Amino acid sequence: MAEAGNDISDWFRSIPVVTRYWFGASICLPVLGSFGLLPPRLLILLYDPVVYNFQFWRPLTSVFFYPISPMTGFSYLINLYFLYSYSTRLETGIFDRKPADYLFMLVFCWLLLVIAGFLAPLMLLMNPLIMTVLYVWAQLNRDMVVSFFFGTQFKAMYLPWVLMAFNFITRGGWKEELIGILVGHAYFFLAFKYPQDFGGQSLLQTPQFFYNFLPNQRGGVSGFGQAPAARRQAPEEDNNQARRRHNWGGGQVLGN
């Protein structure tokens with residue numbers, strides 16, 4: 001038993017830091033709520049209690065809480081699987097050794113989801129936030145072939161839409177998934193597509209206090225995705241920039 005406990009502890013510590021705390025909180029709050037140690041009605045996102053009763057913890061707890069019951073248990077486990085798998089891939093891929101940038105991405109998407117949750121309305125934000133991470137990863141790995149249930153295989157760019165269709169068939173849900181996709185697309189456009197395709201400056205900059213809290217780490221090997229290729233520049237511009245920059249080489253996408 002002690003050896004098994006050490007294996008679990010070692011595995012948990014091996015998860016990238018941002019994903020580790022997100023994954024751990026997404027287990028703790030639902031378990032505490034299912035045992036009645038935390039009242040679920042105080043953990044969901046509701047506009048009136050937040051605005052008029054100053055219950056400011058609700059936007060945060062609604063990300064980590066999910067009601068566990070015989071009817072929702074399978075969906076909850078699927079959420080944990082996608083959270084762990086694709087958040088880990090994103091944090092060790094395009095955000096490798098840059099936990100502050102990844103945390104800022106999650107915070108940015110979370111803020112948009114809170115606004116959408118007030119308007120939609122949505123009481124739980126776990127599923128939409130996971131979908132934003134899945135969407136961003138899928139766009140960074142558009143041509144990678146992924147496997148889904150029943151042995152189906154397709155390009156990663158279709159994965160968010162396939163998952164939304166799957167959830168619609170199995171539990172009749174689609175609104176949370178669609179909002180997550182739209183928020184993920186908003187981040188992907190502002191952080192990657194606009195600077196690369198339109199030649200503009202990045203519209204999203206990680207605030208300095210994120211780096212003070214989670215400083216960048218040196219070294220490491222990235223995998224699982226890369227930013228979209230920049231638009232083709234004029235030959236003169238290419239020659240001028242070639243004198244000013246180093247040739248770092250191209251990365252490789254790791255397997256699924």
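Leu32 sits in helix H2, residues 17-34. Helices here are DSSP runs of H or I with at least four residues, strands are E runs of at least two, and both are numbered from the N terminus. The model is predicted: local features need pLDDT of at least 70, side-chain atom pairs count only at pLDDT 80 or more, and totals for chains, interfaces and linings use all residues. Residues are numbered from 1 along each chain as its sequence is written, and side-chain values use heavy atoms, without hydrogens or water.

Leu32 is partly exposed, at 31% relative accessible area (buried is under 20%, exposed over 50%, partly exposed in between; 1.4 Å probe, protein chains only).

## The largest pocket

The largest pocket has a volume of about 340 Å³. A pocket is an open set of points on a 1 Å grid where a 1.4 Å probe fits, with protein on both sides within 12 Å along at least five of seven lines; lining residues have an atom within 4 Å of a point.

The lining holds 14 residues. By class, 14 are nonpolar, with no polar and no charged residues. Val18, Trp22, Phe64, Leu103 and Leu106 lie nearest the centre. H2, H4 (58-64) and H6 (99-119) each supply at least two lining residues.

## Salt bridges

There are three salt bridges, each a side-chain nitrogen of Lys or Arg within 4 Å of a carboxyl oxygen of Asp or Glu. Arg13 pairs with Asp10 at 2.6 Å. Both lie in helix H1 (residues 2-14), three residues apart, about one turn of the helix.

Asp143 and Lys155 meet at 3.7 Å, N to O. Asp143 is in the loop between H7 and strand E1 (145-147) and Lys155 in strand E2 (residues 153-155), so the pair ties together parts 12 residues apart in sequence. Arg171 meets Glu177 at 2.5 Å, N to O. Arg171 is partly exposed at 34%, whereas Glu177 is buried at 1%.

## Backbone features

Ala120 and Pro121 are joined by a cis peptide bond, with omega about -10 degrees. Pro121 is in the loop between H6 and H7 (126-140).

Phe54 is not a glycine, yet has a positive phi of about 60 degrees. Phe54 lies in the loop between H3 (47-52) and H4.

Conventions: Grid points are joined across faces, edges and corners, and a volume is the space filled by probe spheres set on the points. Ala, Val, Leu, Ile, Met, Phe, Trp, Tyr, Cys and Pro count as nonpolar, Asp, Glu, Lys and Arg as charged, and the others, Gly among them, as polar.
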